[in-house]
2 protein chains.
Amino acid sequence: MKAKPTILKLGGSAITHKEKPFVANFFVIENLAREIAEANVSPLVLVHGGGSFGHPLAKQYAINEGLKNSSQIIGFSRTHDAMNVLNRLVVQALIEHNIPAVGVAPSSFVLTKQGRIEKMDLDVVAKLLETSFVPVLYGDAVLDLDKGFAILSGDQLIAKLAINLGAERIIVGVDVDGLYTADPKQDSSAQLISRLSFRELQRTLSWAEKAKATDVTGGMYGKILELIPAIEHGVRTVIVNATKRDTVRKALRNEKFVGTIIEKE
Amino acid sequence: MKAKPTILKLGGSAITHKEKPFVANFFVIENLAREIAEANVSPLVLVHGGGSFGHPLAKQYAINEGLKNSSQIIGFSRTHDAMNVLNRLVVQALIEHNIPAVGVAPSSFVLTKQGRIEKMDLDVVAKLLETSFVPVLYGDAVLDLDKGFAILSGDQLIAKLAINLGAERIIVGVDVDGLYTADPKQDSSAQLISRLSFRELQRTLSWAEKAKATDVTGGMYGKILELIPAIEHGVRTVIVNATKRDTVRKALRNEKFVGTIIEKE
């Protein structure tokens, strides 16, 4: 592959209606598809979260706790099916904008061990990129070598993809503007952090860990933790609001945008 | 894995309306899901064809000729997307009948070379079977190491799955009753062959090859050719009419059924 890929995460909270099970936010999906088409970045890998498609079923059947009783089995099937439905909505919107998107199901080729990626052969994804396709992966219910099955988050996936594909950058699209000095939903004096070094991030996270109850990162704590290996690897990572018009397009084009940039330095 | 798996093919001609693009035969799909649930065979792998979902797009964009010009790229995306839609309809019907079906996309983990399977890691499929899931694979548009992309037929897939998973038997569900002594659509004296040895099959095929224009196998020539490696490997193969009520259930249960049995002997 000539150019280093860009990895764009479309957060489940952005592309679905969080409080409404199995309801996609078609307005945001359509808008993102248009912006991705306009930005015309290549090679590009998309990864989306589960939002209100994956989470209710995963929770109902306790998929992430692993296989403990046979009644969970059908729940795994239903969780993956729901994720596939959301994936299809995203892929279809992209195709409508003439983006050669190909849904790639993590459950078809990834195995985890205690919830961590153990086996992930990226030959197909690399070949898709080489052939100028846009692979669209997603957080998924996957089989686990130790506990039967597990939930593979989109965030764990993007960090691994970024490292193994030698990505240039990660753009994480969520439903907030980026990282804040405090939780903006709790504290009106919270300020958006526009740039953060890896060292500063580590300090913030160790502080956040101590005060888990009040997640100072504005709900971003778990996500950022997953991204650390990629950031440490040198992959420039930006966090932007995917629900705010033109933000993802500007980030993709390296134009000035509102968000948080995290760099190793 | 303890027991040897059964591989059941649901022909595209059975589960879709051949002449109506993108129209599933919900009556047949629903009926098959019920019969598969009733038969309760495990381990079980399902593979379905493309029928009127895959074929029109694959043809329109000449996917099987490989990547010759960039206008085909979006066609590959559309062909896979259409196959994924059909897969989802099948999986959903199975889940409704409490069968723990998991769609497994060949394009996510198979690579071909000149249209023949070159790379297919079955760790996920084997693990699904071990965990008592029913993997549901399908004929798909896949990436090809030589020609960019290709169509992987469900028939090529089942032969390879049968050999690599050490399957006990293959049941091929189509929209005719089995193999005939002549094309039943052309010749009213054509008789259904209820049992065929591998040697007899080879004789029939070499004769069929010479008379390609009038496919004596009743449209089954290409399918059977793909199954030969599995039959030669010793996998008992039966051909049944998946559109005729109770036939697939009887075949799954090893009860007396109308169809053609092909054995190595």
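1. Basis. The model is predicted, so local features need pLDDT of at least 70, side-chain atom pairs count only at pLDDT 80 or more, and totals for chains, interfaces and linings use all residues. Residues are numbered from 1 along each chain as its sequence is written, chains are lettered from A and ligands numbered from 1 in the order in which they are written, and side-chain values use heavy atoms, without hydrogens and water.

2. Overall fold. Chain A has nine helices and 12 strands. Helices (H or I, at least four residues) and strands (E, at least two) are DSSP runs, numbered from the N terminus. The radius of gyration is 18 Å, which agrees with the value near 18 Å for a compact globule of 265 residues. That radius is taken over C-alpha atoms, and the globule rule is 2.2 Å times the number of residues to the power 0.38. Along the principal axes, the C-alpha atoms of chain A fill a box of roughly 50 × 45 × 35 Å.

3. Burial and contacts. In chain A, 60% of the 265 residues count as buried. Buried means under 20% relative accessible area, exposed over 50%, and partly exposed in between (1.4 Å probe, protein chains only). Among contacts in chain A with a separation of 6 or more, 74% come from residues 24 or more positions apart. A contact means heavy atoms within 4.5 Å.

4. Aromatic pairs. Rings of Phe, Tyr and Trp (its six-membered ring) pair if their centres lie within 6.5 Å; planes under 30 degrees apart count as stacked, over 60 as edge-to-face and the rest as tilted. Phe22(A) and Phe53(A) have ring centres 6.2 Å apart and planes at 90°, so this pair is edge-to-face. Phe22(A) sits in the loop between α1 (12-15) and α2 (26-39) and Phe53(A) in helix α3 (residues 51-60), so the pair ties together parts of chain A that are 31 residues apart in sequence. Phe22(A) is partly exposed at 39%; Phe53(A) is buried at 4%.

5. A pair across chains. Phe133(A) and Phe149(B) have centres 6.5 Å apart and planes at 55°, so the pair is tilted. Phe133(A) lies in the loop between α5 (123-130) and β6 (134-138) of chain A, and Phe149(B) in strand β8 (residues 148-152) of chain B, so the pair joins two chains. Both residues are buried. Ring pairs also link Phe76(A), Phe149(A) and Phe133(B) into a cluster.

6. Thr16(B). This residue is in the loop between α1 (12-15) and α2 (26-39) of chain B. Thr16(B) is buried, with 2% relative accessible area. Beyond four places in sequence, its contacts include Val23(B), Gly50(B), Phe53(B) and Leu86(B).

7. Helix α5(A). Its buried residues include Val124(A), Lys127(A) and Leu129(A). The buried residues of α5(A) pack against β2 (44-48), β3 (101-103) and β6 of chain A, and against β4 (110-113), β7 (140-144) and β8 of chain B. Ser132(A) follows α5(A) with a positive phi near 70°.

8. Backbone details. The Ser42(A) to Pro43(A) peptide bond is cis, with omega near -5°. Pro43(A) lies in the loop between α2 and β2 of chain A. The bond from Ser42(B) to Pro43(B) is also cis, with omega near -5°. Asn98(B) has a positive phi near 65° and is exposed at 57%.
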